[in-house]
Amino acid sequence: MRYSVRLSYNGSGFCGWQIQPSDPSVQESLQNALSRILGTEISVTGAGRTDTGVNAVNYVAHFDMPEKLTVEPEVLKYKLNAILGREIAIHEVLPVSEDFHARFSATSREYRYLLHRKKDPFMNAFSWYCRYALDLDAMNKAASFLLGTHDFRCFEKTGGNNKTSVCTVHEAGWRTYRPQHSDLLGFPYVDGDYIVFTVRADRFLRNMVRAIVGSLVDVGRGRREPEWIRELVEGGVRSDAGESVPGPRRSREDSPERGRGRSLRGLRGYSLPGKTPVNFCDGTSSGTEIDRYPLRLKNPPRTDILSVQEDYKL
């Protein structure tokens, strides 16, 4: 019997989702917990890789439970949360069809990258402090050239092992938003202080989002014209594009407070057989999900990329 698992995790203590030979991973932690509960070796498949130190919200994985075993999903959820450390929270365990796949059943993926343009001690854990004056209209015009099916090798990290660098981008653009601590606590706010880039596509290449954001920031600073993005997409290589903006990084001591960047990734839309479609990151359209993360963290990790990933259609 196949089950899906919806979880969130603080990735500051992990090398990412995928199992690595000598470092702790979320996949390994979840597999070990399931194997301990069920008394047999369990293999878990995730929606996709996350880099070292990356945080995830509403991440989806699946596993197969031997037919001879019977454990109620709610009981399994309770036991997983009891065994796993505070860094991992299990939200839901659901039976799914045998052909459901956490990675390949996804129909689209959406990433969000947050920037704040004023000094804000509450946003450093989740957003990149970008001190440059930016022209959002020019950045959105440039982003429009990303739409459609193109070869995005110009934004792919050198050495990637993808069979193809062709992706289809359905949505790309910038907008302003107001963070929760400004709305609830009165932190000084001016429209344009906080901006977010959203890009939705069928797939993403390694480092693609951070390279795109870095290039669009160059446009926003006036260093390049918006049409430069079209030229890159039509025939550029990685060295032609802009520098990547900050992303996941750990210090030698793997200390979360010294990390430079972290990302959040999660499930956006998801439908299960016989179930009403749910929006796990409710408020996606209004952007309120970016305002919900706690402001008080002990040794918080930096989070420069916020992503809401995977639309599923079964």
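The following legends describe close-up views of one predicted model.

Local features in this predicted model need pLDDT of at least 70, side-chain atom pairs count only at pLDDT 80 or more, and totals for chains, interfaces and linings use all residues. Residues are numbered from 1 along each chain as its sequence is written, and side-chain values use heavy atoms, with hydrogens and water left out.

View 1. Helices (H or I, at least four residues) and strands (E, at least two) are DSSP runs, numbered from the N terminus. Two strands pair if DSSP finds at least two bridges between them. Strands of a sheet pair through backbone hydrogen bonds, either parallel or antiparallel. Strand 1 (residues 2-9) and strand 4 run antiparallel and are joined by 8 bridges. Tyr 3 stands opposite Pro 95 in strand 4.

View 2. Axes are lines fitted to C-alpha atoms, for helices over the stretch in contact, and angles run from 0 to 180 degrees between N-to-C directions.

**View 3. Helix 1 and helix 2 pack at an angle of about 120 degrees.** Their axes are 10 Å apart. The angle makes helix 1 oblique to helix 2; angles under 35 degrees count as roughly parallel, over 145 as roughly antiparallel, 65 to 115 as roughly perpendicular and the rest as oblique. The contact is made by Leu 30, Ala 33, Leu 34, Arg 36, Ile 37 and Leu 38 of helix 1, together with Leu 76, Lys 79, Leu 80 and Ile 83 of helix 2. By class, this contact has 8 nonpolar, no polar and 2 charged residues. Ala, Val, Leu, Ile, Met, Phe, Trp, Tyr, Cys and Pro count as nonpolar, Asp, Glu, Lys and Arg as charged, and the others, Gly among them, as polar.

**View 4. The rings of Trp 17 and Tyr 59 form a pair.** A search of the whole structure finds 9 aromatic pairs. Rings of Phe, Tyr and Trp (its six-membered ring) pair if their centres lie within 6.5 Å; planes under 30 degrees apart count as stacked, over 60 as edge-to-face and the rest as tilted. For Trp 17 and Tyr 59, the ring centres are 4.7 Å apart and the planes stand at 35 degrees, so the pair is tilted. The pair links distant parts of the chain, 42 residues apart: Trp 17 is in the loop between strand 1 and helix 1, and Tyr 59 is in strand 3.

**View 5. Helix 5 (residues 208-220) meets helix 3 (residues 136-144).** The two axes come within 8 Å and cross at roughly 135 degrees. Helix 3 and helix 5 are therefore oblique to each other. Ala 138, Met 139, Ala 142 and Ala 143 in helix 3 meet Leu 216, Val 217, Val 219 and Gly 220 in helix 5. This contact has 7 nonpolar, 1 polar and no charged residues.

**View 6. Strand 8 (residues 166-176) pairs with strand 7 (residues 148-151) in the antiparallel sense.** This pairing extends over 4 bridges, and His 150 stands opposite Cys 167 in strand 8. Strand 8 and strand 9 (residues 194-201) run antiparallel and are joined by 7 bridges. Trp 174 stands opposite Phe 197 in strand 9.

Terms used: Contact = heavy atoms within 4.5 Å.
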